[in-house]
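Please look over the sequence and the structure shown here. A short briefing on the fold follows, grouped by topic.

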Amino acid sequence: MVPARLVATLGVAAAFTVAGGCGDDDGGPTTSQGPTAEELTFCATHIDTETAVRAAFGGGAGPAAEELDALLEQWVERAPAEVQGDVETQVEILRDALESGDTSFLEQGSDYRQANDRVDEFLVRNCPTDVVEVSGVDDAFVGLPAELPANVPLGVVFSNDGEEPHELVLLRMEEGEEPADMLDLPFAEAQRRADASGTSLLREPGGTDHHVVRLEPGRYAAVCFIPAGTTSEDSLGDGPPHAAEGMIGEFTVG
Ligand SMILES: [Cu+2]
């Protein structure tokens, strides 16, 4: 089984129900005229940077140091004024962590997590053309769409409407696999797939997480690996994963 730690180590989150087109929703400032070129460029850079950062902290071969360094620099340069300070904060913390290998910056409530949350919220409000809203309850995902568009910035908003912490982790399935098979994957493989999708949203009860991702075509499983009985990120239960109790689903990206 994959420990709930999986998500915390990613520092990103996401969850779903549809809402195609952000214009008809809660009317963020730019939704009526669409994103500016500056926002779209920042959004793409943000997704590329997060992908590289996940790879750098993952078990496999990460990006070359110079490549990552260039991305971090671009991320700051391209950040719109509203979130520039938060991007700078994250880059500073990431550079220290890359040097030391210390990942405590990902702990709940950390400066990094708070800055990350504000940037993600800004991105969902300003850059994607599709925003998916998913709710987590005890124990199911509500609002998971059947299909999502491939290779475009996609906003994901995950609200935890349950009593226990929940997460939304998206894992691309291989030919012939079913969502339940994801629970039997070795930890490293589940982590690799979660890193590849970039979509792992973890929230305490009552919380909402925002994230922007770009998904490759394929069939995906949506899974909550958090064990029953969990009361916080630091206090995991010893029951079966919520997925085994119904918090699991699938959708197609194409
Ligand atoms: Cu859950």
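**Overview**

Of the 254 residues in the protein chain, 40% are buried (a residue is buried if 20 or more other C-beta atoms lie within 10 Å of its own, exposed if 12 or fewer, and partly exposed in between, with C-beta atoms placed from the backbone). This is a predicted model, in which local features need pLDDT of at least 70, side-chain atom pairs count only at pLDDT 80 or more, and totals for chains, interfaces and linings use all residues. Residues are numbered from 1 along each chain as its sequence is written.

**Chain as a whole**

- The protein chain has 6 helices and 9 strands (DSSP runs numbered from the N terminus: helices are H or I with at least four residues, strands are E with at least two).
- Of the contacts in the protein chain between residues at least 6 apart in sequence, 76% join residues at least 24 apart (two residues are in contact if their C-beta atoms, placed from the backbone, lie within 7 Å).

**Nonpolar core**

- In soluble globular proteins, nonpolar side chains tend to be buried together.
- The largest nonpolar core holds 51 residues, and Leu 168, Leu 171, Ala 222 and Val 223 have the most contacts inside it (such a core is a set of buried Ala, Val, Leu, Ile, Met, Phe, Trp, Tyr and Cys residues joined through C-beta atoms within 7 Å).
- Helix 5 (residues 111-126) supplies the largest share of this core, 6 residues.
- Leaving out residues up to four places away in sequence, Val 223 touches Val 169, Leu 171, Pro 179, Met 182, Ala 243 and Ile 248.

**Helix 3 with helix 4**

- The axes of helix 3 (residues 65-77) and helix 4 (residues 81-100) come within 9 Å and cross at roughly 165° (axes are lines fitted to C-alpha atoms, for helices over the stretch in contact, and angles run from 0 to 180 degrees between N-to-C directions).
- Helix 3 and helix 4 are therefore roughly antiparallel to each other (angles under 35 degrees count as roughly parallel, over 145 as roughly antiparallel, 65 to 115 as roughly perpendicular and the rest as oblique).
- Leu 72, Trp 75 and Val 76 of helix 3 meet Val 87, Glu 88, Val 91, Leu 94 and Arg 95 of helix 4.
- By class, the contact of helix 3 with helix 4 has 6 nonpolar, no polar and 2 charged residues (Ala, Val, Leu, Ile, Met, Phe, Trp, Tyr, Cys and Pro count as nonpolar, Asp, Glu, Lys and Arg as charged, and the others, Gly among them, as polar).

**Helix 4 with helix 5**

- The axes of helix 4 and helix 5 come within 9 Å and cross at roughly 140°.
- Helix 4 and helix 5 are therefore oblique to each other.
- The residues of the contact of helix 4 with helix 5 divide into 7 nonpolar, 3 polar and 4 charged.

**Single residues**

- The peptide bond from Asp 138 to Asp 139 is cis, with omega near -5°, and Asp 139 is in the loop between strand 1 (130-137) and strand 2 (140-142).
- Asn 151 is not a glycine, yet has a positive phi of about 60°.
- The loop between strand 3 (147-148) and strand 4 (154-160) contains Asn 151, which counts as exposed because 11 C-beta neighbours lie inside 10 Å.
- Ser 200, in strand 6 (residues 200-203), is buried, with 30 other C-beta atoms within 10 Å.
- Ser 200 and Leu 170 are 30 residues apart in sequence and 6.6 Å apart in space, C-alpha to C-alpha.
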